[in-house]
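I opened this notebook to record what I looked up in the structure shown below. The entries follow the sequence in which I consulted it.

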There are 2 protein chains.
Amino acid sequence: MDFTDRCTHTSLMNHILQAAGDDADLNGFGIKDLNIGNCSWVLSRMCTEFYRRPGQGEEIDVKTWVADVGKLMTTRNMIVFDGSGERIAVAVTQWAVINIDTRHAVDIRANVDYRGKTDDEPIPGDPPVRVPRIDSEPAATKKVQYSDIDFNRHMNAMKYIEWIIDNVPIDLIQADALKRIDINFLKEAVLGRQLSLHTIEDGIRRLCEIRAIESGDPLCRCALAFG
Amino acid sequence: MDFTDRCTHTSLMNHILQAAGDDADLNGFGIKDLNIGNCSWVLSRMCTEFYRRPGQGEEIDVKTWVADVGKLMTTRNMIVFDGSGERIAVAVTQWAVINIDTRHAVDIRANVDYRGKTDDEPIPGDPPVRVPRIDSEPAATKKVQYSDIDFNRHMNAMKYIEWIIDNVPIDLIQADALKRIDINFLKEAVLGRQLSLHTIEDGIRRLCEIRAIESGDPLCRCALAFG
């Protein structure tokens with residue numbers, strides 16, 4: 001919960017990704033299944049629309065299904081329902097499969113058996129957009145810390161978003177104005193790496209980019225839409 | 001989970017405090033009950049001993065009970081069990097009740113009805129110690145951000161600990177050497193406040209202090225014991 005007594009955006013997105021992982025496990029193509037073939041899932045793009053963030057103790061249900069499977073990218077959709085069956089958030093995610101050693105994308109259909117496991121249900125929101133690169137001075141800097149990293153010692157994807165939202169003016173959060181987040185994940189950040197956050201206003205959107213300071217490489221681009 | 005595939009110390013402590021809150025609610029003296037009389041709980045000291053941090057998907061049970069009730073301080077104990085009934089962590093916490101407007105401590109026994117709700121079971125570990133003040137240059141600084149704060153716009157107590165553990169040498173975390181944490185909470189930090197973290201080695205303990213940079217006030221003192 002945040003100070004407005006609503007579930008944070010990042011917490012809700014974490015639940016959405018957890019449901020995706022659980023569903024992939026149930027269908028026999030979770031991370032552990034892919035690991036057997038020395039492959040892994042990589043989240044490439046994600047968008048989430050927030051209609052209402054739930055409060056403390058509220059029960060939510062996450063529905064998720066694989067929508068389509070290309071050679072290099074597959075789409076998984078999610079809808080979050082509250083206890084009365086109302087849609088309170090939707091997400092569209094795009095995933096690649098990589099070889100763990102080469103870190104290169106492999107043919108998804110050659111590595112995952114999707115037979116009978118996709119669904120034609122309409123996409124629940126506009127798909128994630130490509131976020132343009134931006135040029136601006138750093139708005140903030142940080143070092144990748146212990147609490148940021150995953151089992152693979154890379155910064156957790158949702159920690160990028162947490163940092164980005166920490167730098168949104170607090171009155172926009174208080175007014176619950178953040179309605180949509182589009183993210184493009186470009187590169188991973190390892191423990192100890194110094195990062196910079198860049199941000200510009202583009203009409204009603206706020207564009208953000210996280211870079212590795214030493215190399216200058218962009219790691220993540222994000223568009224926040226307010227309403 | 002952290003990169004070693006164990007539940008983080010702060011996550012386990014969060015579960016412990018959640019269980020405390022749930023138990024107080026069930027007994028009719030939770031935060032909401034106290035709020036009716038314009039009072040609230042304040043965590044003053046906490047110690048936690050970690051015998052084994054659980055892994056992903058493990059079920060844990062938290063047992064908690066009120067051990068004794070003084071005029072200005074009450075003690076609540078916790079034991080964390082794993083699925084086979086083994087103790088994997090214990091905690092001892094000391095709480096005060098404050099008036100929400102004056103922020104001063106009030107007589108606990110005049111505000112909370114404990115009849116029949118305390119337990120004489122032995123304390124599960126050494127009680128939390130008083131951590132001495134320390135003098136050293138800042139090891140790190142940070143600003144209190146949106147993701148740090150609670151419903152009352154104060155930095156969440158466990159966020160102090162998360163920051164402290166982020167500054168422990170990573171090889172000590174990897175070796176799972178952190179076995180006990182004693183914390184003294186002195187003062188709250190509001191959104192936007194600049195904080196400094198000070199730390200010294202004291203034999204096998206690491207002593208830490210978080211200060212508000214502007215006022216110099218100590219906010220939290222902490223002793224980490226390794227083994």
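**Interface and fold**

I began with the interface: chain A and chain B bury an area of about 1,900 Å² between them, and carbon and sulfur atoms give 51% of it. I then asked which residues of chain A lose the most area to chain B. They are Phe3(A), Tyr146(A) and Asp166(A), which together make up 38% of what that side buries. I note here that this is a predicted model.

I next looked up the contacts themselves. On one side stand 21 residues of chain A, in contact with 20 residues of chain B. For the polar part, I recorded ten residue pairs in polar contact between the two chains, both residues of each pair being at pLDDT 80 or more. I also searched for salt bridges across the interface of chain A and chain B, and the rule finds zero.

Which helices of chain A each supply at least two residues of the side that touches chain B? I found helix 4 and helix 5 (170-174). Helix 4 gives the most to that side of chain A, with four residues.

**Symmetry**

I turned to the relation between the copies. Chain A superposes on chain B by a rotation of 180 degrees with 0.0 Å of shift along its axis, at an RMSD of 0.0 Å. The two copies are thus related as by a two-fold rotation axis. The same surface serves both copies, since 95% of the contact residues of chain A recur in chain B. I also asked which residue of chain A comes closest to the rotation axis. It is Lys142(A), whose C-alpha lies at 4.7 Å.

**Sheet of chain A**

I then traced the sheet. Chain A holds an open sheet of nine strands in the order 2-3-4-1-6-9-8-7-5, with antiparallel pairing. Strand 2 (60-69) and strand 5 (138-143) stand at the edges with a single partner strand each, so one side of each has no neighbour in the sheet. From one strand to the next, the twist averages 20 degrees.

Strand 1 (residues 39-50) and strand 6 (residues 178-185) of chain A pair in the antiparallel sense over five bridges. Opposite Asp182(A) in strand 6, I located Cys47(A).

**Helices across the sheet**

Helix 1 (residues 9-26) of chain A lies across several strands, among them strand 3 (74-82) and strand 4 (87-99), and runs at about 135 degrees to strand 1. Helix 4 (residues 157-166) of chain A lies across strands including strand 7 (194-202), strand 8 (205-212) and strand 9 (218-226), and runs at about 130 degrees to strand 6.

Definitions and conventions:
Residues are numbered from 1 along each chain as its sequence is written. Chains are lettered from A and ligands numbered from 1 in the order in which they are written. This is a predicted model: local features need pLDDT of at least 70, side-chain atom pairs count only at pLDDT 80 or more; totals for chains, interfaces and linings use all residues. Side-chain values use heavy atoms; hydrogens and water are left out. Two strands pair if DSSP finds at least two bridges between them. Axes are lines fitted to C-alpha atoms, for helices over the stretch in contact, and angles run from 0 to 180 degrees between N-to-C directions. Contact means heavy atoms within 4.5 Å. Copies are superposed by least squares on the C-alpha atoms of residues with pLDDT of at least 70 in both. Buried area is the accessible area (1.4 Å probe) that two parts lose on being put together, summed over both. A salt bridge is a side-chain nitrogen of Lys or Arg within 4 Å of a carboxyl oxygen of Asp or Glu. A polar contact is a pair of N or O atoms within 3.5 Å; within protein, one must be able to donate a hydrogen and the other to accept it, and residues adjacent in sequence count only if both atoms are side-chain atoms.
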